[in-house]
Amino acid sequence: MLKKVLLGSLGAALVLTAGILLGHFGIQRGSTHLSHDRSLIPMCLSRELTKVPHMATSPGDEQTVQYMLKRWQDPDTGLDQAWREEYKVYLSFPDPNTPNKVTVVNPSDAVLYTAREKEKAYSSDQEDPEVVQPYAAYAPAGHPKGRLVYANQGKPSDYFLLNQTLNLTGTVAITRYGGEGRAGKAINAAPYGVIGVLVYTDPWDINDGKMSDNNETYPFSWYMPPSGVERGSFNTHYGDMLTPYLAAKDDTYRIPEKNITGIPPIPTQPIGFEDAYALICELGGEPAPSEWQGAFNCTYNFGGPGFKPTSNFNNSDVKLDIYNREELKNSANVMGVIRGSVEPDRYVIYGNHRDSWVHGAIDPSSGTSVMLEVTRVLGRMVKQGKWRPRRSIIFGSWGAEEFGLIGSTEYTEEYYSKLSERSVAYINVDIAVKTPGSDSTSVYDNWIRYFNRTSPAYGVIPNVGFLTGAGSDYAAFIHFLGITSMDISYTYDRTKTRARIYPAYHTAYDTFDYASKFIDPGFTSHQTVARTAGNVLMRLADSLLLPFNCSDYAETLEGYLSKAMELNTVLEYPVPAPISEPLQTAVRNFRSAAARLDHALSILRPLKVRRINDQLMLLDRAFLDPVAFPDRYGFRHVIWASSKAGQATFPGLADAYTRAASTGLDSDWKEAHRQLSILVQAIQGAAHTLGDAI
């Protein structure tokens with residue numbers, strides 16, 4: 001179907017971990033402890049995990065909690081200890097008795113068109129009564145009715161352009177996924193007077209233009225069928241919304257619901273592209289720009305606002321009837337541990353979220369089955385007395401991830417001090433597999449062939465991405481705690497498809513049937529990820545010296561510096577201290593400190609091992625600044641925070657300078673100077689972390 005390739009989702013949140021991967025993991029099949037087991041195991045695990053829908057806190061979710069505990073408490077293959085930890089969290093659900101509706105109504109409120117309330121059933125999986133209706137989690141209830149307009153991806157620039165042409169007050173906007181976070185599509189709309197938002201996945205963005213379920217989409221291929229709807233959490237912050245920076249226990253203080261930020265202020269509802277087609281192709285008004293056009297065989301117009309005079313919907317409104325409600329619910333993490341033999345107070349953490357929107361064969365059960373296979377193999381070696389890691393390994397099966405990374409975030413908030421002091425690294429495997437694997441090519445060879453870069457030090461090497469956002473459970477570990485993190489996934493050749501993610505993502509079609517036919521027949525990719533993740537885990541847990549390469553980190557900072565200098569030259573920033581002086585000095589000092597540490601490692605004496613390991617372990621904590629991003633919950637890492645500037649450089653600096661160059665305001669230039677100072681001092685502090693004890 002598509003090229004078989006391991007891409008850089010193996011990208012560490014920091015390039016320190018690239019030193020682990022590049023130096024050790026050109027893994028041929030059959031080369032590790034994790035390769036001696038039956039190939040049917042991942043398939044059986046996936047089938048078991050996806051038997052029923054298991055949305056967070058549902059009966060199916062509790063079944064998976066019990067299944068995880070059973071596996072991790074097994075006397076022959078289990079862990080040293082396993083338990084559940086409960087949190088009381090703020091979740092959002094549709095009303096099962098009063099479904100959300102999207103209709104076209106004429107001036108007399110007669111219904112002319114009704115969008116699907118449920119996705120079309122191609123198998124019994126979609127007919128399961130526990131399949132939740134598509135909805136926008138955390139979007140408010142309400143019944144807005146207004147003329148329809150097309151707002152592309154719902155970015156601020158999209159609404160700004162649309163507002164130049166139309167009066168948006170009282171309108172309903174239809175937007176497509178991509179380009180802007182889910183919640184942002186509604187948050188950006190409200191200031192213009194938009195009263196409701198629809199969201200759909202355009203076939204151009206996910207299906208390479210394919211639209212027919214007669215022969216083009218699922219059940220005939222991996223492409224999303226016309227009624228498929230991407231569910232999702234429509235919030236911009238991560239963690240429990242009512243208990244920011246506090247673990248959501250029964251007796252924890254909770255902020256008033258009215259004080260929650262980062263969620264849609266207006267009713268919002270996702271729909272399938274078959275319904276979007278019926279609405280967009282009837283819109284009147286001027287044609288939208290070429291970059292706003294999609295796969296439908298019609299011109300995407302802005303809207304009059306409203307429909308064309310020649311349309312059967314002429315002079316009609318689009319109405320949203322949204323009945324979402326919020327509840328406090330108990331959600332569980334399942335935790336397990338293998339105690340270390342030499343340094344039990346140093347932790348390597350491995351996590352995967354357990355909850356799904358529906359059956360979740362790929363998201364998250366591909367990652368869950370990989371984690372269960374890793375724990376089975378390691379647990380058996382421990383039980384048989386053949387192996388015990390030097391450092392402790394903590395496993396986390398996180399709850400309520402789909403609602404905003406809640407389980408993992410609450411865990412980091414509850415155990416903040418201990419994790420900050422003792423954690424070596426965090427490994428995340430969420431969507432483990434997005435394409436079939438290869439039986440003959442090593443991970444390293446596939447990786448360097450399809451996703452590479454040129455390093456000044458090493459030449460052409462496998463590339464790694466950066467965990468700059470909050471896309472999965474690594475967020476709280478890297479951005480909040482500053483723990484070295486990585487996210488591992490076997491993905492597809494993106495030169496062969498425009499699909500921004502596998503097409504059944506968050507739909508009722510992400511099932512065992514879909515996974516076994518179109519994503520990973522034979523489950524060979526599941527095996528590859530299990531072996532790779534298991535080897536990374538064992539090396540982090542067993543190596544005498546932590547396998548982190550500070551010179552690689554310096555190389556990344558130098559690349560960021562080069563891009564920052566390039567932007568500085570173009571925009572001629574009038575800040576009091578030019579970028580070239582303090583930032584160059586800080587990065588140069590970091591490079592020197594990294595080189596000195598590399599030399600110390602080459603002549604290492606046993607008594608220094610613990611001290612140097614602590615320097616390596618704590619390096620990322622030096623880049624944390626609690627006031628760097630006051631408006632961005634949970635983001636404190638000044639190197640790896642996400643950036644709106646879209647540049648591969650220091651995020652806070654890039655965003656502040658871009659804004660200042662746009663507005664010219666003195667206050668914005670002062671913020672740019674503040675960000676520069678924060679960054680310089682963080683890099684200098686990190687260099688000091690790598691230096692001698694005194």
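I started with Arg147, which is partly exposed at a relative accessible area of 29%. My scale is this: buried is under 20% relative accessible area, exposed is over 50%, and partly exposed is in between (1.4 Å probe, protein chains only). Before going on, I noted that this is a predicted model, where local features need pLDDT of at least 70 and side-chain atom pairs count only at pLDDT 80 or more, while totals for chains, interfaces and linings use all residues. Residues are numbered from 1 along each chain as its sequence is written, and side-chain values use heavy atoms, with hydrogens and water left out.

**Entry: salt bridges**

What does Arg147 meet in a salt bridge? I found Asp317, with the side chains at 2.7 Å, N to O. (A salt bridge here is a side-chain nitrogen of Lys or Arg within 4 Å of a carboxyl oxygen of Asp or Glu.) Arg147 sits in the loop between strand S5 (145-146) and strand S6 (148-150), and Asp317 is in strand S11 (residues 317-321), so this pair ties together parts 170 residues apart in sequence. Helices (H or I, at least four residues) and strands (E, at least two) are DSSP runs, numbered from the N terminus. Asp317 counts as buried, at 19% relative accessibility.

I then looked at Arg182 and Glu230, whose side chains form a salt bridge at 3.2 Å, N to O. Arg182 belongs to helix H6 (residues 182-187) and Glu230 to the loop between H7 and S9, so parts 48 residues apart in sequence are tied together. Are these two buried or exposed? Arg182 is buried at 19% relative accessibility, and Glu230 is buried at 5%.

Next came Glu117 and Lys101, with a salt bridge of 2.4 Å, N to O. Glu117 lies in the loop between strand S3 (111-114) and helix H4 (124-127), and Lys101 in strand S2 (residues 101-105), so the parts joined are 16 residues apart in sequence. Glu117 is partly exposed at 25% relative accessibility, and Lys101 is partly exposed at 34%.

How many salt bridges does the structure hold? I wrote down 34. Some are linked in a network made of Glu343, Asp345, Arg346, Arg390, Arg391, Arg610 and Asp614.

**Entry: helix H18**

Asp614 from that network also turned up among the buried residues of H18, together with Val609, Ile612, Asn613, Gln615, Leu616 and Met617. Seven of the 10 residues of H18 are buried, so I noted the helix as largely enclosed by the rest of the structure.

**Entry: aromatic rings**

My pairing rule: rings of Phe, Tyr and Trp (its six-membered ring) pair if their centres lie within 6.5 Å; planes under 30 degrees apart are stacked, over 60 edge-to-face, and the rest tilted. The rule gives 44 aromatic pairs. In one of them, the ring centres of Tyr218 and Tyr509 are 5.7 Å apart with planes at 45°, so I call it tilted. Tyr218 is in the loop between helix H7 (203-206) and strand S9 (232-233), and Tyr509 is in the loop between strand S18 (485-487) and helix H14 (512-519), so the pair ties together parts 291 residues apart in sequence. Tyr218 and Tyr509 are both buried.

Tyr553 and Phe623 make a stacked pair, 5.4 Å centre to centre with 20° between the planes. Tyr553 comes from helix H16 (residues 550-571) and Phe623 from the loop between helix H18 (609-618) and helix H19 (651-663), 70 residues apart. Tyr553 is buried, at 0% relative accessible area, and Phe623 is buried at 0% too.

I also spotted one aromatic cluster of Tyr150, Tyr200, Tyr277, Trp292, Phe296, Tyr300 and Phe302.

**Entry: charges over rings**

For a charge over a ring, I need NZ of Lys or CZ of Arg within 6 Å of the ring centre and within 35 degrees of the ring normal. Arg498 lies over the face of Trp204, 3.4 Å from the ring centre. Lys249 lies over the face of Tyr87, at 4.3 Å.

**Entry: Arg254**

Where is Arg254 found? I placed it in the loop between S9 and strand S10 (268-270). Arg254 is buried but has no salt bridge; Asp240, the nearest side chain of opposite charge, is 4.9 Å away. (Lys and Arg count as positive, Asp and Glu as negative; His and the chain ends are not counted.) What does its side chain reach? The side chain of Arg254 reaches the backbone oxygen of Thr252 at 3.0 Å, and the backbone oxygen of Lys249 lies 3.1 Å from one of its polar atoms.

Key. Lys and Arg count as positive and Asp and Glu as negative; His and the chain ends are not counted. A polar contact is a pair of N or O atoms within 3.5 Å; within protein, one must be able to donate a hydrogen and the other to accept it, and residues adjacent in sequence count only if both atoms are side-chain atoms.
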